[in-house]
Amino acid sequence: MLNEEKIRLMTKAASFEAGEGKKALSMNKFFQGDYISIQLIWAWLSYTVAFCLCVALWVFYKMEYLMTNINKLDLAAMGKGLALLYLGLLGVFLVINYVVYHKRYQENRRKLAAYHHILKQLSHIYQVESRGGSSESTAGGEKHHDDLTGV
């Protein structure tokens, strides 16, 4: 006879693994600090590229003005201003990214805890079935087992 509870739990576990769980399971490979650090490094690289592209676009837009007034411009002050703008916006950008990735990590930990609970329930069902002798047999007379739990 089929165990409906076991089927329901196995369906939930398979659905999690195939859907939202892919990302959560891959994120589970990292400690929280490592995951957030990697994401912040990628955010820093992306921000730097975007900032350089924006500065290049601004330079191309103001090219005529810059070329006619190159001798009158205080390039050191412009460089300092750009550096302060870069660092200020970078700080804000990284703080926002830290908050976002910290929240994502915590949400995925909660999802993984629910997934782990499902696996524990399945393991318990398999243990009860194996003790009670009510487990189904395959055609070769071997007991049916699940690769996820090893039971």
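View 1. Arginine 8 and glutamate 5 sit 3 residues apart in helix α1, which is about one turn of the helix. Their side chains meet in a salt bridge, with N to O at 2.5 Å. Neither end is hidden away: arginine 8 is partly exposed at 37% relative accessibility, and glutamate 5 is partly exposed too, with a relative accessible area of 34%. Keep in mind for this and every other view that the model is predicted.

**View 2. The whole chain, for orientation.** Here we step back to see where the close-ups belong. The protein chain has 5 helices and 0 strands, so reading along the sequence gives α-α-α-α-α. Of its 151 residues, 22% count as buried. The chain exposes about 11100 Å², and carbon and sulfur atoms supply 65% of that area. Take the contacts with a separation of 6 or more: 76% of them are between residues 24 or more positions apart.

**View 3. Lysine 6 reaches across to helix α5.** A search of the whole structure turns up 2 salt bridges. One of them joins lysine 6 to glutamate 129, where the closest N and O atoms are 3.3 Å apart. Lysine 6 belongs to helix α1 and glutamate 129 to helix α5, so this pair ties together parts that are 123 residues apart in sequence. Both partners, lysine 6 and glutamate 129, are buried.

**View 4. The largest nonpolar core.** This core has 11 residues, among them Leu9, Ala13, Phe16, Ala24, Leu112 and Tyr115. Helices α1 (4–18) and α5 each supply at least two of its residues, and the largest share, 7 residues, comes from α5.

**View 5. Helix α3 and what covers it.** Helix α3 runs through residues 32–61, 30 residues in all. From its first C-alpha to its last it reaches 43 Å, close to the 44 Å expected at 1.5 Å a residue. Its buried residues include Tyr35, Ile36, Gln39, Ala43, Tyr47 and Phe51. Among the elements covering the buried residues of α3 are α2 (21–27) and α5 (75–132).

**View 6. Aromatic pairs between α3 and α5.** The count of aromatic pairs comes to 7. In one of them, the ring centres of tyrosine 35 and tyrosine 105 are 5.6 Å apart with their planes at 35°, so the pair is tilted. Tyrosine 35 lies in helix α3 and tyrosine 105 in helix α5, so the pair links parts 70 residues apart in sequence. Tyrosine 35 and tyrosine 105 are both buried. For phenylalanine 51 and tyrosine 86, the ring centres are 5.2 Å apart and the planes are at 65°, so this pair is edge-to-face. Phenylalanine 51 is in helix α3 and tyrosine 86 in helix α5, so this pair ties together parts 35 residues apart in sequence. Phenylalanine 51 and tyrosine 86 are both buried as well. Ring pairs also link Tyr47, Phe51, Tyr86 and Phe93 into a cluster.

Conventions
Residues numbered from 1 in each chain as written. Predicted model: local features only at pLDDT ≥ 70, side-chain atom pairs only at ≥ 80, totals over all residues. Heavy atoms only, no water. Helix = DSSP H or I, 4+ residues; strand = E, 2+ residues; numbered from the N terminus. Buried < 20%, exposed > 50% of the residue type's maximum accessible area, 1.4 Å probe, protein only. Contact = heavy atoms within 4.5 Å. Areas by Shrake-Rupley, 256 points an atom, 1.4 Å probe, with all protein chains shown as cover. Expected span 1.5 Å × (residues − 1). Core = buried A, V, L, I, M, F, W, Y, C linked by side-chain atoms within 4.5 Å. Phe/Tyr/Trp six-rings, centres within 6.5 Å; stacked < 30°, edge-to-face > 60°. Salt bridge = Lys/Arg side-chain N within 4 Å of Asp/Glu carboxyl O.
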